[in-house]
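Please look through the sequence and the structure below with attention to the aromatic side chains. The paragraphs that follow lead through them pair by pair.

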Amino acid sequence: MATAVVTDSTAYLPDELIAEHGIHRVSLYVTLEGRERRESEISGEAYGEFFEQLRRSDEGATTSQPSVGDFLSVYEPLLRDGGEIVSVHISAGISGTCEAARQARERLIDEEKGGERIEVMDSRSGCGGQGLVALAAARAAAAGTDRAGALAAAERAREARRMWFAIDTLEYLRKGGRIGAAQALVGSALQIKPILTLEEEIRPIERVRTRRRAFERMVDFARERAAEGADAWVVQHIQDPENAGRLIEEGRRIFGREPLFMSEVGPVIGAHVGPGLLGVGGIPGSLLGLVD
């Protein structure tokens with residue numbers, strides 16, 4: 001039986017990787033100024049317009065997980081011919097996406113439509129970290145493993161991956177109520193540049209005072225990953241292609257290879273961190289079946 005991999009839009013995997021690995025996506029939703037949209041529908045000019053509107057908004061944006069019906073529409077065709085599914089999603093610590101996926105699975109079990117052949121996995125991450133976990137599952141599936149094997153590959157990647165993000169301000173996290181452990185930084189001036197990670201919830205790593213220093217720390221983290229043998233590396237940003245490009249240049253020197261991918265983080269995560277995010281991270285390429 002073929003094993004399919006499903007993830008959600010907050011992995012921010014480039015479209016070409018999604019197509020190459022046959023990954024299926026379910027979109028989260030974002031609401032700004034009373035208008036709710038699927039994240040997957042906000043691209044091109046609409047992407048820049050969203051963040052411009054977010055900057056001007058006093059209330060900020062809200063986000064919500066996919067519906068059970070959204071999951072059913074993806075799962076049912078994959079199960080119909082006897083297939084299996086590994087479904088990898090954004091951390092349950094900050095989103096109800098995993099719970100909606102599990103509810104869809106239970107409904108398909110109740111309706112005797114093969115829901116028992118679905119494994120729902122909490123990536124305990126988001127963005128690039130989630131994307132790496134989904135890619136590990138997809139590459140294992142492409143190599144012919146069953147869902148248990150694909151899930152095991154995803155779990156190994158989950159344990160090994162690390163990602164860091166520098167953001168311009170805590171203001172959007174505070175507005176959105178998703179600040180988590182980063183609440184500890186709120187007593188400081190909002191002009192600091194927090195460096196965060198997403199390990200089940202958003203956690204502060206350190207704080208710096210300038211964008212230049214934040215960039216330097218991203219380079220330091222890339223060196224740390226390289227020293228640990230995590231050579232499958234990624235770069236992500238929000239409306240900061242210049243610094244993302246500079247970080248890729250540094251990464252090429254550090255890792256001696258091209259990034260696995262570079263992508264722009266979308267409106268769902270962007271609603272909570274704001275424009276100006278820059279991130280880097282990775283896992284050992286061996287966990288993706290990559291060889292030099």
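Is Trp233 buried or exposed? At 0% relative accessibility, Trp233 counts as buried, where buried means under 20% relative accessible area, exposed over 50% and partly exposed in between, with a 1.4 Å probe and protein chains only. This is a predicted model, in which local features need pLDDT of at least 70 and side-chain atom pairs count only at pLDDT 80 or more, while totals for chains, interfaces and linings use all residues. Residues are numbered from 1 along each chain as its sequence is written, and side-chain values use heavy atoms, with hydrogens and water left out.

Rings of Phe, Tyr and Trp (its six-membered ring) pair if their centres lie within 6.5 Å, and planes under 30 degrees apart count as stacked, over 60 as edge-to-face and the rest as tilted. By this rule there are 5 aromatic pairs. Trp164 and Phe221 are stacked, because their ring centres are 4.5 Å apart and their planes lie at 5°. This pair links distant parts of the chain, with Trp164 in strand β8 (residues 162-166) and Phe221 in helix α8 (residues 211-227), 57 residues apart; helices (H or I, at least four residues) and strands (E, at least two) are DSSP runs, numbered from the N terminus. Trp164 is buried at 2% relative accessibility, and Phe221 is buried at 4%.

Trp233 and Phe255 are also a stacked pair, since their centres are 5.0 Å apart and their planes lie at 10°. Phe255 is buried as well, with a relative accessible area of 13%.

Elsewhere, Tyr47, Phe50 and Phe51 form one aromatic cluster.
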